[in-house]
Amino acid sequence: MIESGLSAAIVNLASPAILFFALGAIAGALRSDLTIPDQAAKTLALYLMLSIGFKGGVEAHAAGFTTELVATGALGVLFSFTTPFVAFFVLRHVCKLERITAAATAAHYGSVSLVTFAAGAEYLRSMDVAFSGHMAAVLALMETPAILAALLVVGERSQPENGQYRAGLWREVLLNGAAVLLVGAFVVGLITGERGANQLSGFVSGPLFQGALCLFLLDMGLLASRRLAQNSQLNVASFAFAILWPVCAGGAGALAASSLGLSIGDATLFAVLTASASYIAVPAAMRVALPKADAGVSLPMALGVTFPFNLIVGIPLYHALCSALGGFL
């Protein structure tokens, strides 16, 4: 078990996507002038969301609308909504973060990371581990409940009585671009099925997808190292949280998914989702919902610490855990 786990971790570390992330992190740390233009990075993010959502819809079309999809989706929403309450308690009383910043950071850790999910899926493919396409729909469902949980944590009394604020918040929660594109592409794939997959086979998968993922992770490496270098407000407890929380949340997700009877591949992806932290959708929502929260704390934790930890250590760890649980449950 330990030997196979180490082999899997080495395979993951030697993958082009992870090595490009490392290249970006090193370049950023050395203050290289290497940059990915903002519009190009946004286009890559849109492309990855479209591809993942569409492929998930096609595979769900082939598998049919199952009770497993409904149960996994409900479990994902439950995790995304409840875990921010626990995270807030730890961030507030152990990490000593200010109340609103702690709530915003908890929302980051209750939501999910598209790129971590994509890296987890590629890792499973490299290990010849099958997983269901409908996990992309679960990813979309877990994007926003954490935002609502953070607002409940902070409390209505601290919010301004402003109708424009409420409209902006609900628009950001329900219509944020990541969720719309993921769910929309999933529905398109669900409707078109194999016919649509054949028409887009050279666009949403294969070398084009792999190259786009490598380029996006290169940008993430640059951004993560520069965010960490710019921020000096993170204390030791915050760093510890950014590493220990994904292990605990991923472990809880692996146990829940395995108890539900999911396959090892699906359980691993569910654990990856529960262990990941959002650095795209939630920061955008928090700018509207909790403008007084310090993004200089939450974003470096999610992107600079938790994201690389999950890529390098977490994904093989969650896979090994789900494989072990699959033999007992």
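Tutor: Helices (H or I, at least four residues) and strands (E, at least two) are DSSP runs, numbered from the N terminus. This is a predicted model, in which local features need pLDDT of at least 70 and side-chain atom pairs count only at pLDDT 80 or more, while totals for chains, interfaces and linings use all residues. Residues are numbered from 1 along each chain as its sequence is written, and side-chain values use heavy atoms, with hydrogens and water left out.

Student: How many helices are there in the protein chain?
Tutor: Of the 329 residues of the protein chain, 53% count as buried, where buried means under 20% relative accessible area, exposed over 50% and partly exposed in between, with a 1.4 Å probe and protein chains only. The chain has 0 strands, and its count of helices is 16.

Student: In which loop is Ser-111 found?
Tutor: Ser-111 counts as buried, because its relative accessibility is 0%. Not counting residues up to four places away in sequence, Ser-111 touches several residues, including Ser-80, Met-142, Glu-143 and Leu-273; contact means heavy atoms within 4.5 Å. Ser-111 is found in the loop between α5 and α6 (114–126).

Student: Which residue caps the N-terminal end of α5?
Tutor: Helix α5 (residues 99–110) has 12 residues and should span 16 Å, in agreement with its end C-alpha atoms, which are 16 Å apart; the expected span is 1.5 Å times one less than the number of residues. Because 11 of those 12 residues are buried, α5 is largely enclosed by the rest of the structure, and among the buried ones are His-108 and Tyr-109. At the N-terminal end, a side-chain oxygen lies 3.2 Å from the backbone nitrogen of Ile-100, and the residue that supplies this oxygen is Glu-98.

Student: How many residues apart in sequence are the parts that Phe-21 and Phe-307 tie together?
Tutor: A search of the whole structure finds 7 aromatic pairs, and that of Phe-21 and Phe-307 is edge-to-face, at 5.2 Å centre to centre and 80 degrees between the planes. Rings of Phe, Tyr and Trp (its six-membered ring) pair if their centres lie within 6.5 Å, and planes under 30 degrees apart count as stacked, over 60 as edge-to-face and the rest as tilted. Phe-21 is buried at 5% relative accessibility, and Phe-307 is buried with a relative accessible area of 1%. Since Phe-21 lies in helix α2 (residues 16–29) and Phe-307 in helix α16 (residues 295–326), the separation in sequence is 286 residues.

Student: By about how many helical turns are Phe-81 and Phe-85 separated?
Tutor: Phe-81 is partly exposed at 30% relative accessibility, and Phe-85 is partly exposed with a relative accessible area of 34%. An α-helix has 3.6 residues a turn, so residues three or four places apart point the same way. Because Phe-81 and Phe-85 are 4 residues apart in helix α4 (residues 67–93), their separation is about one helical turn.

Student: Which residue has its charged end over the ring of Phe-209?
Tutor: Ring pairs link Phe-209 with Tyr-47 and Phe-203 into a cluster. A charge sits over a ring if NZ of Lys or CZ of Arg is within 6 Å of the ring centre and within 35 degrees of the ring normal. Here the charged end sits 3.9 Å from the centre of the Phe-209 ring, and the residue is Lys-55.

Key. Polar contact = N/O pair within 3.5 Å; in protein donor to acceptor, adjacent residues only side chain to side chain.
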